[in-house]
Amino acid sequence: IRRPPRSTLFPYTTLFRSERLPRPERIARTMSAFANGVGGKIWVGVRDDGSIIGVADAAETTAELRRIASDLVAPSPSLQVRTVQCDGADLVVAEVPSSEVRPVLAPGRDGKLAPFVRDGSSTRPAPRAIQRVWSRGAARVSLDARERRLLREIRLRAQDGTAGPDLKEVARASRLGQRAARRALVQLQAAGLVTERTAGHFGLTPEGHTRARRR
């Protein structure tokens with residue numbers, strides 16, 4: 001197969017850098033974050049630089065990933081798990097689809113169920129503002145003129161592998177006050193169109209890029 005991507009360049013990919021899985025709760029939080037966004041892939045047996053380690057037991061790893069999704073993530077995502085060979089080693093890839101029902105929860109560090117989102121190539125608790133949007137029901141499919149303008153401005157200023165614009169920059173470019181821009185960004189994040197790549201800097205998801213190109 002083609003060599004797996006580097007996690008630092010792909011916010012929708014997580015690489016677990018050992019022959020065995022890390023703590024189940026950590027994996028569950030990654031699944032929650034992918035399901036609450038646009039989905040993503042978990043690669044087991046690959047280093048950050050893309051070099052191959054392989055897994056000790058592909059069948060056991062596959063079964064454990066399915067168990068984690070079933071027992072620790074609510075609602076449980078419909079995983080697509082497969083074993084692939086690269087450089088003579090077995091890798092396990094679990095694809096987590098985007099969930100139509102949000103939030104998707106996983107155990108936090110305190111043991112309580114909580115929703116998670118992606119921040120660049122990291123996983124973190126979902127901000128309260130996004131949780132409030134979810135609590136009111138599914139995010140809107142249609143966008144108003146202000147939100148479409150924000151998408152276009154972020155697309156112009158963010159490329160894969162870069163931090164992207166911060167709130168102040170995107171508000172100024174969109175001719176909006178920072179409070180209005182923040183409200184629009186929360187809506188776009190909850191809809192799975194915008195992602196916070198690094199703290200305070202925003203980029204577009206693949207669906208966000210598609211919507212930004214529409215007139």
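In the strand pairing taken up here, C86 stands opposite A89 in β4. The coordinates come from a predicted model. The two strands concerned are β3, which spans residues 80-86, and β4, and they pair in the antiparallel sense over seven bridges. Together β3 and β4 make a hairpin in which two residues lie between the strands. Within that turn, D87 adopts a positive phi of about 55°.

One of the pairs is W43 with V93, the latter being the bridge partner in β4. How much of β4 is covered? The strand is mostly covered, since six of its eight residues are buried, where buried denotes a relative accessible area under 20%.

**Overall composition**

The chain as a whole contains seven helices and nine strands. Of its 215 residues, 47% are buried. Its accessible surface comes to about 11100 Å², and carbon and sulfur atoms account for 46% of that area. When contacts between residues at least 6 apart in sequence are considered, 64% of them join residues at least 24 apart.

**Nonpolar cores**

The largest nonpolar core has 23 residues, among which M31, I42 and L65 touch the most other members. Two or more residues are given to this core by each of α1 (24-36), β2 (40-44), α2 and β4 (89-96). The greatest contribution is that of α1, with six residues.

Which residues does L65 contact once its neighbours within four places in sequence are left aside? They are L21, I27, M31, V44, L79, V81, V92 and A94. A second, separate core comprises 18 residues, including I154, L167, L176 and A184.

Helix α2 also contains T62. This residue has a relative accessibility of 16% and therefore counts as buried, the limit being under 20%. Not counting residues up to four places away in sequence, T62 touches V81, T83 and V92. Two of these residues, V81 and V92, are also in contact with L65.

**Helix α7**

Helix α7 covers residues 206-213, and its buried residues are G208, R211 and A212. They span an arc of only 100° around the axis and so lie on the same side of α7. The buried residues of α7 pack against α4 and against β9 (201-204).

**Salt bridges**

The model contains six salt bridges.

| Pair | N to O distance |
|---|---|
| R67 and E64 | 3.0 Å |
| R67 and D71 | 3.4 Å |
| E169 and R157 | 3.6 Å |

The bridges of R67 belong to a network that links E64, R67 and D71.

The bridge between E169 and R157 has its closest N and O atoms 3.6 Å apart. E169 lies in helix α5 (residues 167-173) and R157 in helix α4 (residues 145-157), so this pair ties together parts that are twelve residues apart in sequence. Both ends are partly exposed: the relative accessible area is 29% for E169 and 34% for R157. Helix α4, which holds R157, is also one of the elements against which the buried residues of α7 pack.

Conventions
Residues numbered from 1 in each chain as written. Predicted model: local features only at pLDDT ≥ 70, side-chain atom pairs only at ≥ 80, totals over all residues. Heavy atoms only, no water. Salt bridge = Lys/Arg side-chain N within 4 Å of Asp/Glu carboxyl O. Helix = DSSP H or I, 4+ residues; strand = E, 2+ residues; numbered from the N terminus. Buried < 20%, exposed > 50% of the residue type's maximum accessible area, 1.4 Å probe, protein only. Core = buried A, V, L, I, M, F, W, Y, C linked by side-chain atoms within 4.5 Å. Contact = heavy atoms within 4.5 Å. Arc of directions from axis to C-beta. Pairing = 2+ DSSP bridges. Areas by Shrake-Rupley, 256 points an atom, 1.4 Å probe, with all protein chains shown as cover.
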